[in-house]
Amino acid sequence: MSGKTVMVLGGGIGGVVAANKLHHLLRDDRVVVVDKSPKHSFTGSYMWILNGSRVGSQVEKDLSSLNKKGIEFVRGEVAAIDPDGGRVTVDGKDMGYDHLVVSLGADLDPGSIPGLTRAGHNIYTVDGLTQAHQELTKFNGGRIVVAICRMPYKCPAAPYEAALIIDNMLRSRGVREKTEIEIITWEPAPMPVAGPIMGQAILSMMEPGGISYKPNSTINSIDPETKQVLLEGADPIPYDLLFYIPPHKCAQVVQEAGLTGDGGWVPVDPGRLTTKHENLYVIGDATSIKLPNGKMLPKAGVFAHKHAETVAQEIAARIKGSEAPKPYDGLGYCFIEIGDGTAGFAKGNFYAEPDPTIKASKPGKLLHWQKVAFEKYWFWKYF
Ligand SMILES: Cc1cc2nc3c(=O)[nH]c(=O)nc-3n(C[C@H](O)[C@H](O)[C@H](O)COP(=O)(O)OP(=O)(O)OC[C@H]3O[C@@H](n4cnc5c(N)ncnc54)[C@H](O)[C@@H]3O)c2cc1C
């Protein structure tokens, strides 16, 4: 028995995958997961809260159930990380580690845009999605704006899924003809990292429904009194209902540990997720990974998942003294939920040169059921 302690900070997508895989590979060592929340929240199902096919409690699992598998769960806020001393501070208590996996995600920062929190619903949280669903069940027409405030934001497909789901819900309630739906975004095109073909594929899903699209728009503030989105160098956009994707930032504790680089996120090796500290890996949304085309790897659960499997194998190999695993190769995929029990799917290699090679499949009912099956598999496999 080597008796090493591998600590995983964060019990989100990357954290639970890393902890399960580490526990599977290292039966004789301690695997400890720390999270400030008692629940794991599965964001892959969040858009089903918007259309009412899930409620919040259906997409969450107790992290304490990891204890039954032999993974130690500690509920607490990580207040400090000391990479040189090999320690973290959790709720004022010092905890030592031999290997550390940081999977603390991206913090949402709606307060950084004046007026935003008073004006609309944050559709990147369970509460915000629940409120948005309630609003849509009683909405009788007007202007709905989906606002993507800044880049980067996690799950680049989610705002487009939201607009398509809203369109579909209002059609089934018979109020779509009385409603305009507009997406305002900072980005030049949908999912710019995946190239113009992917962007066009998403736009062509929105065009038949008449969802309008305003790219290259910087939101300066929101005026909740006059119900207007105030843009840099362009006319204000009026709204009756505002659904927003807030700016994101790297967790304060990760910044204070000196792990972040120029862009405010943690630069890591794209294949091995290593950092400048030998026993410290950072995975998922907290990372910044530059692709061969100069753009950044999007923040998405699929990447956190793949990163987690890679670092778990690497740490296990180092502890056991066995051969290093293959580095992560950049493969990723995503479902795009459309709303009427139909989903699209895109998949490809994000590390391909000179550009990611992404292929999108035609939306269909079967893909929706594959996504439902994936949700079931997730909870079965990791909890
Ligand atoms: C609406 C929506 C839909 C999405 N849909 C998809 C999808 O279909 N497919 C996909 O691939 N991705 C999707 N994503 C993106 C996906 O959720 C993230 O990319 C993924 O969760 C990142 O994993 P992570 O482990 O890096 O961070 P997270 O999963 O966010 O986990 C971070 C964890 O760290 C904890 N934490 C943070 N700070 C502290 C602290 N100081 N102390 C203790 N704990 C802390 C948090 O409580 C959290 O549990 C979606 C996201 C949203 C918002």
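Two strands count as paired here if DSSP finds at least two bridges between them. Keep that in mind as you work through this predicted model.

**Exercise 1.** Work out which residue of β16 stands opposite Asp223, and how the strands around this pair are arranged.

*Solution.* 
- Start with the sheet: three strands form an open sheet in the order β15-β16-β17, and the pairing is antiparallel.
- Now look for the edges. β15 (219-223) and β17 (237-238) are the edge strands, each pairing on one side only.
- Next, take β15 and strand β16 (residues 228-231), which are linked by four bridges in the antiparallel sense.
- Finally, find Asp223: facing it in β16 is Gln228.

**Exercise 2.** Find the order of the strands in the five-stranded sheet, then say which residue of β5 is the bridge partner of Asp35.

*Solution.* 
- The order is β5-β2-β1-β9-β21, in an open sheet with parallel pairing.
- β5 (72-75) and β21 (280-282) have a single partner strand each, so one side of each has no neighbour in the sheet.
- Going from one strand to the next, you'll find an average twist of 20 degrees.
- Strand β2 (residues 30-35) joins β5 through four bridges in the parallel sense.
- Asp35 has Arg75 as its bridge partner in β5.
- Helix α1 packs on this sheet, where it touches β1 (5-9), β2 and β9 (99-102), and its direction makes about 165 degrees with that of β1.
- Another helix, α9 (residues 301-320), lies across β1, β9 and β21 and runs at about 175 degrees to β9.

**Exercise 3.** Decide how α1 is oriented relative to α10, and list the residues that make their contact.

*Solution.* 
- Begin with the geometry: helix α1 (residues 13-25) and helix α10 (residues 365-382) pack at an angle of about 50 degrees, and their axes are 10 Å apart.
- Because of that angle, α1 is oblique to α10.
- On the α1 side, the contact involves Ile13, Val16, Val17 and Asn20, while α10 brings Trp378, Lys381 and Tyr382.
- Sort these residues by type and you get five nonpolar, one polar and one charged.

**Exercise 4.** Find which residues are closest to the ligand, and pick out some of its polar contacts.

*Solution.* 
- There are 30 residues around the ligand, and the closest are Asp35, Thr43, Val78, Ser103 and Asp285.
- Lys36 has a polar backbone atom 3.1 Å from a nitrogen atom of the ligand.
- Asp285 uses its side chain: a polar atom there lies 2.8 Å from an oxygen atom of the ligand.

Conventions. Residues numbered from 1 in each chain as written. Predicted model: local features only at pLDDT ≥ 70, side-chain atom pairs only at ≥ 80, totals over all residues. Heavy atoms only, no water. Axes fitted to C-alpha atoms, helices over the stretch in contact; angles between N-to-C directions. Helix = DSSP H or I, 4+ residues; strand = E, 2+ residues; numbered from the N terminus. Parallel < 35°, antiparallel > 145°, perpendicular 65-115°, else oblique. Contact = heavy atoms within 4.5 Å. Nonpolar A, V, L, I, M, F, W, Y, C, P; charged D, E, K, R; others polar. Near = heavy atom within 4 Å. Polar contact = N/O pair within 3.5 Å; in protein donor to acceptor, adjacent residues only side chain to side chain.
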